[in-house]
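Take a look at the model below.

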Amino acid sequence: MTQARIAKYQAHTNIALIKYWGKRNQELILPVTSSLSLTLEAFYTQTQVEFSDQFANDLFILNGQPQSLEATAKVSHYIDLFRRTAGVTLPVKVTSDNFVPTAAGLASSASAFAALACACNDALALNLNQQELSIMARQGSGSASRSLFGGFVEWEKGSGDDSNSSFARPFDSADWDIAMIALVLNHQSKKFSSRKAMQHTIETSPFYKLWPEEVAKDLKLIKSAIKQKDLKQIGEIAEHNAMKMHATMLAANPSFTYFESDSLKAMELIKNMRHKSLTCYYTMDAGPNVKILCPYSQSQQVKEQLLNYFDESQIIISQAGPAPFALDVSGV
């Protein structure tokens with residue numbers, strides 16, 4: 001019997017301000033465009049891995065529940081990347097707790113695969129650097145590459161089919177007056193996954209061919225605005241970028257949308273708040289939930305306005321979040 005190799009990490013979700021929407025290589029999860037996100041303090045995943053020859057096969061426990069063979073096989077396939085790199089075949093027990101609604105457009109896969117990548121790297125003593133780890137995290141979930149860092153993070157699209165050319169890197173610490181409010185309108189898993197929706201959009205939307213060009217322009221502009229700490233400009237760019245992404249879906253054939261009636265209500269409410277001199281802008285990913293970018297110093301005022309239409313339990317204020325960090329496993 002060999003000694004068990006154990007590690008546990010916490011990683012935080014991120015929300016893209018310049019969106020990732022579409023892959024040029026499905027298997028390696030290489031994106032069509034670069035993107036830029038903000039890591040959030042309020043939403044995170046804690047994941048422990050235990051590699052041991054005492055297990056007959058891989059086990060995957062999510063939020064206290066043993067997962068199906070299909071879900072476990074997906075995680076096993078991903079962990080094989082690390083096992084091959086380490087030159088081991090040890091079975092693993094993965095115990096993960098998501099402090100974020102799963103598959104509802106709040107980037108739970110980003111924090112999940114970032115935490116898993118960090119834990120595997122530590123437990124198997126691979127000593128991968130942050131760039132290498134970002135490349136590994138990306139192969140679990142594209143946005144997980146960005147959750148390897150705190151604050152504002154840029155994910156470089158890379159070139160061709162070179163897996164090592166696409167990785168994330170920190171851009172700005174976001175340690176200034178900035179917050180994101182998550183308006184949770186639907187806790188349920190979305191009707192169609194991001195992966196399927198992206199591919200359907202690429203294959204059928206006539207608007208998609210404009211998308212890479214628009215992203216390149218928006219990315220350049222928002223990076224300049226972040227360096228100037230110009231939240232008004234950051235918000236305007238992010239809001240327009242999100243709506244352009246959703247326009248590609250509306251133009252797909254058959255058309256589809258993640259918008260729900262409450263999503264549209266929230267957008268109008270946020271626009272009305274701007275007329276009342278509040279600095280707030282919305283963004284949406286592949287799900288109905290609306291995220292609101294605003295100064296942290298105004299976040300309570302924005303929340304008070306939202307409370308006229310939504311329940312307090314639906315409104316979560318978050319400051320910028322940190323890079324992943326190790327958690328104590330001494331009690332195991």
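## A pair across two strands

Tyrosine 281 has leucine 293 as its bridge partner in S12. Strands here are DSSP runs of E with at least two residues, helices are runs of H or I with at least four, and both are numbered from the N terminus. This is a predicted model, in which local features need pLDDT of at least 70, side-chain atom pairs count only at pLDDT 80 or more, and totals for chains, interfaces and linings use all residues. Residues are numbered from 1 along each chain as its sequence is written, and side-chain values use heavy atoms, leaving out hydrogens and water.

A second bridge links threonine 283 to lysine 291 in S12. S11 and S12 (residues 290-294) are antiparallel and share four bridges. Two strands pair if DSSP finds at least two bridges between them. Five residues separate S11 and S12, which form a hairpin.

## Two covered faces

In a regular strand, side chains alternate between the two faces of the sheet. Which residues of S11 lie on each side? Tyr281 and Thr283 are on one side of S11 (residues 281-284), and Tyr282 and Met284 are on the other. All four are buried, meaning under 20% relative accessible area with a 1.4 Å probe, protein chains only (exposed is over 50%, partly exposed in between).

## The sheet and its helix

## The nonpolar cores

A nonpolar core is a set of buried Ala, Val, Leu, Ile, Met, Phe, Trp, Tyr and Cys residues joined through side-chain atoms within 4.5 Å. The largest has 75 residues, and Trp21, Phe82 and Phe152 touch the most other members. Helix H2 (residues 108-123) gives the largest share, nine residues. A second, separate core of 20 residues includes Ala266, Cys280, Val302 and Leu306.

## The whole chain

The protein chain has eight helices and 14 strands. Of its 332 residues, 55% count as buried. Its C-alpha trace spans about 65 × 40 × 35 Å along the principal axes.
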